[in-house]
Amino acid sequence: LRVSLSCSHAKEILHCLKEKYFKELQDLEVDGQKVEMPQSLSWYPEELAWHTNLSRKILRKSPQLEKFHQFLVSETECGNISRQEAVSMIPPLLLNVNPHHKILDMCAAPGSKTAQLIEMLHADMNVPFPKGFVIANDVDNKRCYLLVHQAKRLNSPCIMVVNHDASSIPNLQIDVDGRKEVLFYDRILCDVPCSGDGTMRKNIDVWKKWTTQNSLQLHGLQLRIATRGVEQLAEGGRMVYSTCSLNPIENEAVIASLLEKSQGALELADVSSELPGLKRMPGITKWKVMLKDGQWFEEWKDVPSNRQTQIRPTMFPEKDEEKLKAMHLERCLRILPHHQNTGGFFVAVLIKKSPMPWNKRPPKVHQKLPQRTGDTEVTAANTDNGSECITEEPTLAENEESKKTQELQNSDTEQTKKEGVCGPPPSKKMKLFGFKEDPFVFLPEDDPLFLPIQKFYALDPSFPKVNLLTRTQEGKKRQLYMVSKELRNVLLNNSEKMKVINTGIKVWSRSSDGEQFGCAFRLAQEGIYTLYPFIHARIINVCIEDVKILLTQENPFLSKFSSETQKKVKDMAMGSIVLKYDPDPEKPDELQCPIVLCGWRGKTSLRAFVPKNERLHYLRMMGVEVFKAKRKEEESETKTEEEVQHRLEQTHEGMDVEENDLVTKMEAEIGEESYHSPVESSAMEVENKVEDLDQSSKNVNSHVRQESKDTDTSNVKD
């Protein structure tokens with residue numbers, strides 16, 4: 001598990017883990033076995049990553065462990081903790097990310113590494129909009145939504161999730177001082193699809209399904225993805241290539257082939273001094289290739305012609321000793337499972353020193369499509385893959401049709417850009433798979449929607465309102481989202497060639513009650529830490545006791561709060577507010593980190609609009625034991641359910657055959673839809689109080705036992 005670096009309460013969470021939860025595990029025995037204490041990963045900075053051998057089964061056997069487990073689940077959902085394979089944390093660390101870096105994660109799902117990258121961008125919590133951003137890509141549309149879920153926990157305006165094949169991800173353009181330029185990334189994470197044989201300790205399927213064929217089939221794809229990655233890397237930029245495999249065909253063979261065709265444009269970085277404490281093995285320089293039937297080959301020339309489609313020349317090691325030595329394959333990292341009780345992993349860090357030899361001439365940026373060059377036609381698609389190929393001359397009919405289509409697309413593109421609408425790409429350009437996404441519509445600068453918001457919250461003049469967007473072109477705008485200036489630039493200039501799944505952080509939600517109080521939009525907790533620096537009105541500073549009341553009571557009356565808070569609220573109009581807690585350095589026993597909550601000032605009450613898990617997080621940080629209360633509640637519910645079930649079963653068992661016939665007869669008279677047997681009623685009404693259900697069962701019992709035919713059917717129905 002890893003404590004989020006960007007979390008403003010990281011130190012408090014770490015302190016809570018070490019001083020409370022880990023201490024409770026000391027000398028604890030479950031089924032006669034002593035529980036192993038969690039250990040910090042020595043190579044992870046600032047003790048923010050920990051490893052435990054506890055299984056889910058053991059976690060549920062002991063109340064102390066169950067409490068620890070609930071803490072982990074709750075904090076994970078808040079984005080303050082991530083549960084992740086230890087070796088999976090290595091690639092983002094070796095990228096050396098800074099807040100101004102433009103980052104591409106090529107094969108990002110399920111998103112644990114992406115989350116790490118976002119955390120690094122937000123290393124300085126006082127900067128709401130870092131200059132850098134993360135574009136997280138995955139080829140699988142469904143896995144993209146898993147990626148969105150992971151990224152959303154971190155509440156960042158600097159993340160965009162896109163859906164493309166990583167081996168042909170398009171070149172994006174950005175506007176630089178009125179000029180269109182191709183976007184090159186400062187950092188690229190290339191965690192490619194692999195056979196996964198390094199996961200053999202935890203993945204039982206690897207033992208059943210592993211064959212040498214897996215790596216032979218994946219090698220070509222891995223090389224194409226890595227090649228596309230280095231094409232989009234800026235000069236001086238860093239790309240990390242990684243797999244959870246130990247097979248050299250998927251690892252050193254890909255890196256060696258990439259280095260060879262780069263002709264000196266790339267070099268392997270020496271990271272031996274980075275991550276001290278991490279046990280690693282150097283990359284290998286000699287290996288053989290094996291077919292599924294057990295045949296081994298040492299050189300490409302030995303491969304029979306009928307096998308040359310399965311085995312390719314790039315799979316073999318370099319035979320020229322001078323070239324091999326210049327590659328420095330020993331700088332690759334091999335993490336072996338038994339060295340530090342982890343999964344197996346391979347990592348290589350590449351630095352780009354100059355443009356790739358096939359990209360020496362910078363890619364052209366086309367303002368209008370198509371462009372005529374002599375008798376040939378060059379389109380933007382030609383520069384998308386980094387190559388400089390020219391399409392063959394089309395026939396006259398094709399030319400006319402293509403011209404009309406392109407003109408249509410140009411007019412559409414110009415229209416959408418004028419309106420600040422970033423919709424899905426035209427179907428002619430790219431086939432869409434999965435769900436059709438709503439467009440991203442930026443608010444115009446003169447949009448009347450924004451003026452009441454600006455006035456109500458007294459927003460600072462520096463507030464970047466042009467970065468506000470919605471997901472609807474027509475009808476009422478229900479949610480307002482925000483992206484960083486840099487991501488806005490990317491969105492506006494690439495909507496026709498990029499399938500965006502999600503971006504932006506929710507900052508305001510439409511409230512039906514708000515319109516009568518001067519502003520139709522209330523603040524959203526997800527974006528409050530981004531918005532807070534720009535808000536100058538409707539802020540109430542509260543003490544620690546007030547925060548506890550807000551987080552433990554649903555809609556507390558104003559009289560329950562401190563006199564200072566009551567005075568501040570008294571003259572404030574109803575509507576959305578900001579509740580701010582500032583720590584007191586003179587009271588070290590109290591929470592020593594700031595808290596910002598979204599709230600609502602009602603007529604006679606004050607409440608916080610905070611999700612459940614976030615409430616639990618803040619209460620834990622304040623030393624309030626949330627587990628015990630929940631435990632008692634669960635026990636109470638269980639006891640209630642058991643008592644009701646027991647009483648109703650006794651009632652049901654007491655019926656004789658005649659009584660059952662009477663029930664059947666009454667059921668027919670009343671109708672099946674309106675009648676429920678006592679046991680069915682108990683299932684439906686289990687959430688009610690014991691006394692009510694007890695009385696209900698007595699009513700049913702007494703009426704069933706009546707022998708007269710004039711039974712009060714309405715009571716039976718009840």
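Are Tyr 21 and Phe 68 buried or exposed? Both of them are buried. Keep in mind that this is a predicted model. Here's a quick tour of its aromatic rings, starting with the overall tally: a search of the whole structure turns up 13 aromatic pairs.

**A tilted pair**
- Tyr 21 and Phe 68 make up one of these pairs, and the arrangement is tilted, with 6.3 Å from centre to centre and 35 degrees between the planes.
- Tyr 21 belongs to helix H1 (residues 10-25) and Phe 68 to helix H3 (residues 63-78), so this pair ties together parts that sit 47 residues apart in sequence.

**A stacked pair**
- Phe 450 and Phe 463 count as stacked because their planes are at 5 degrees, and a pair is stacked when the planes are under 30 degrees apart. Their ring centres are 5.9 Å apart.
- Phe 450 is in helix H14 (residues 450-457), while Phe 463 is in the loop between H14 and strand S24 (468-470), so here the parts being tied together are 13 residues apart in sequence.
- Phe 450 is buried, with a relative accessible area of 3%, and Phe 463 is buried too, at 7%.

**A cluster of rings**
- Phe 450 and Phe 463 also belong to one aromatic cluster, along with Phe 129, Phe 456, Tyr 457, Trp 508 and Phe 534.

**Charges over rings**
- Lys 288 has its charged end over the ring of Trp 296, 5.2 Å from the ring's centre.
- Arg 488 places its charged end over the ring of Phe 442, and the distance to that ring's centre is 5.1 Å.

Note on methods. Residues numbered from 1 in each chain as written. Predicted model: local features only at pLDDT ≥ 70, side-chain atom pairs only at ≥ 80, totals over all residues. Heavy atoms only, no water. Phe/Tyr/Trp six-rings, centres within 6.5 Å; stacked < 30°, edge-to-face > 60°. Helix = DSSP H or I, 4+ residues; strand = E, 2+ residues; numbered from the N terminus. Buried < 20%, exposed > 50% of the residue type's maximum accessible area, 1.4 Å probe, protein only. Lys NZ or Arg CZ within 6 Å of the ring centre and 35° of its normal.
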